[in-house]
Amino acid sequence: MIDFLNLRKVNAPHEAALEQAMQRVLRSGWYILGDEVAAFEREFAAYCEVGHCIAVANGLDALQLSLRALGIGPGDEVLVPSNTFIATWLAVSQVGATPVPVEPRAGTHNIDPSRLASALTPRTRAIMPVHLYGQPAEMDAICAFAQAHDLKVIEDAAQAHGARWQGRRCGGLGDAAGFSFYPGKNLGALGDGGAITTNDAALAATLRKLRNYGSSVKYRHDLVGTNSRLDELQAAMLRVKLPALDGENATRAEFARRYMAGLQGLPLDLPVQASGAESSWHLFVVRLHGPVGTRDRVLAELAARGITALIHYPLACHEQPAYAGLTWPDLPIASSLQHAVLSLPISPVHTDVEIDEVIAAVRDILSSRAA
């Protein structure tokens with residue numbers, strides 16, 4: 001059996017240190033916004049090469065609070081990718097603004113900067129590019145467009161821990177960035193968690209209030225805030241795992257190279273990296289050729305061989321029931337991707353042998369179909 005992701009194996013190398021961290025938190029007697037969160041915020045800010053990190057409860061809150069802190073709300077529009085996990089859209093909706101979808105490049109699956117102008121209206125206030133699958137969006141072009149039109153840029157970096165664009169870490173490329181530490185992420189907690197990174201000190205101060213009931217001094221509430229605080233326990237877990245992140249990402253990159261070489265010449269599109277992008281390879285996503293149903297048959301045949309592959313994402317955001325009844329522009333690229341993309345196993349605890357077995361299985365399945 002080749003799992004898509006085995007979290008027991010992912011956490012096993014850190015087990016002793018994780019247990020020690022748990023004991024440290026337990027014995028501290030301080031479980032909310034204490035030393036562990038403060039230390040993790042310093043360490044993750046340094047890792048992302050930014051001035052500030054604000055730890056919050058989850059990745060969706062990281063995006064939503066960033067929008068709120070930047071003053072985006074009812075009546076405003078935010079340009080978002082048409083091809084993304086729904087959290088990107090939900091964050092915009094939760095602050096009362098309207099998500100305006102922009103189609104991706106067919107090769108990278110990331111938002112296409114050349115399409116931003118056609119989506120711009122007098123109500124547009126921000127762009128929320130997603131570093132999808134761990135590959136950075138084309139941030140130079142996006143930020144230049146934003147600057148020309150006085151727009152804010154909030155990176156959705158939920159899948160991009162450690163990724164770089166033109167040598168710079170994701171998380172410091174816009175006005176703010178939202179990260180998720182969901183257990184399956186490259187840097188995953190043992191529960192939910194998230195963070196916002198920024199180089200704007202005033203914005204960071206506002207965010208620290210918003211996450212904590214609008215307060216920076218106990219029982220004084222300057223803003224209508226919320227309760228979105230990373231647990232001390234999860235911060236301690238993340239501090240254990242952060243030093244290993246670059247090494248684990250390097251393993252992912254090596255497996256991605258193995259896939260890229262081994263899957264050449266098949267009826268599928270391999271990932272395309274934009275010039276200047278250094279992916280974290282959170283996912284390795286191929287786009288299968290053929291009629292609707294091809295992907296599901298390949299998925300089933302892989303499962304029959306003991307290989308678990310997944311679909312990211314099987315239903316485009318504009319087709320989700322949550323957004324039923326609203327009018328959307330024609331989004332043919334996002335609509336077609338949902339029927340054709342397939343995510344192959346990639347994690348720091350897979351082995352060369354397992355990746356080669358996946359390659360051999362995909363080659364056999366697709367070659368036999370072609371014959």
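This is a predicted model: local features need pLDDT of at least 70, side-chain atom pairs count only at pLDDT 80 or more; totals for chains, interfaces and linings use all residues.

Guide: Residues are numbered from 1 along each chain as its sequence is written, and side-chain values use heavy atoms, with hydrogens and water left out.

Visitor: Why is arginine 169 called buried?

Guide: Buried means under 20% relative accessible area, exposed over 50%, and partly exposed in between (1.4 Å probe, protein chains only). Arginine 169 comes in at 8%, so it counts as buried.

Visitor: What makes the link between arginine 169 and aspartate 246 a polar contact?

Guide: The term asks for a pair of N or O atoms within 3.5 Å; within protein, one must be able to donate a hydrogen and the other to accept it, and residues adjacent in sequence count only if both atoms are side-chain atoms. The two side chains make theirs at 3.2 Å. The arginine 169 side chain also has a polar atom 3.0 Å from the backbone oxygen of glycine 162.

Visitor: Which strand holds arginine 169, and what makes it a strand?

Guide: That's β7, residues 168-169. Helices (H or I, at least four residues) and strands (E, at least two) are DSSP runs, numbered from the N terminus. In β7, arginine 169 is the bridge partner of arginine 164.

Visitor: How do you know that β6 and β7 pair?

Guide: Two strands pair if DSSP finds at least two bridges between them. Strand β6 (residues 164-165) has two bridges to β7, running antiparallel, so the pair qualifies. They belong to an open three-stranded sheet with the order β7-β6-β11, where β7 and β11 (277-278) are the edge strands, each pairing on one side only.

Visitor: And in the seven-stranded sheet, what makes β1 and β3 edge strands?

Guide: The order there is β1-β9-β8-β5-β4-β2-β3, with mixed pairing. β1 and β3 each have a single partner strand, so one side of each is left without a neighbour in the sheet. Neighbouring strands are turned by 25 degrees against each other on average, direction ignored. For angles like the helix ones coming up, axes are lines fitted to C-alpha atoms, for helices over the stretch in contact, and angles run from 0 to 180 degrees between N-to-C directions.

Visitor: In what sense do β1 and β9 pair, and over how many bridges?

Guide: β1 and β9 (residues 194-198) pair in the antiparallel sense over five bridges. Cysteine 53 stands opposite threonine 197 in β9. On this sheet packs α3, touching β1, β8 and β9, with its direction at about 130 degrees to that of β1. Helix α5 (residues 87-94) packs on the sheet too, touching β2 (77-81), β3 and β5 (152-156), at about 175 degrees to the direction of β2.

Visitor: Why is β5 described as mostly covered?

Guide: Four of its five residues are buried. Two bridges join β5 to strand β4 (residues 124-127), and the two run parallel; isoleucine 127 has valine 153 in β5 as its bridge partner.

Visitor: What does isoleucine 127 touch?

Guide: Contact means heavy atoms within 4.5 Å. Leaving aside neighbours within four places in sequence, isoleucine 127 is in contact with residues including Val78, Leu79, Leu116 and Val153.

Visitor: What makes a nonpolar core, and how many residues has the largest one?

Guide: A nonpolar core is a set of buried Ala, Val, Leu, Ile, Met, Phe, Trp, Tyr and Cys residues joined through side-chain atoms within 4.5 Å. The largest has 42 residues, and Ile127 is among those with the most contacts inside it, as are Phe40 and Phe181. α3 gives the most to this core, with six residues. Apart from it lies another core, of 29 residues, among them Ala69 and Tyr323.

Visitor: Why are valine 78 and histidine 131 called buried?

Guide: Valine 78, in strand β2, has a relative accessible area of 0%, so it is buried. Histidine 131, in the loop between β4 and α7, is buried because its relative accessibility is also 0%. Its side chain reaches the backbone nitrogen of alanine 137 at 2.9 Å.
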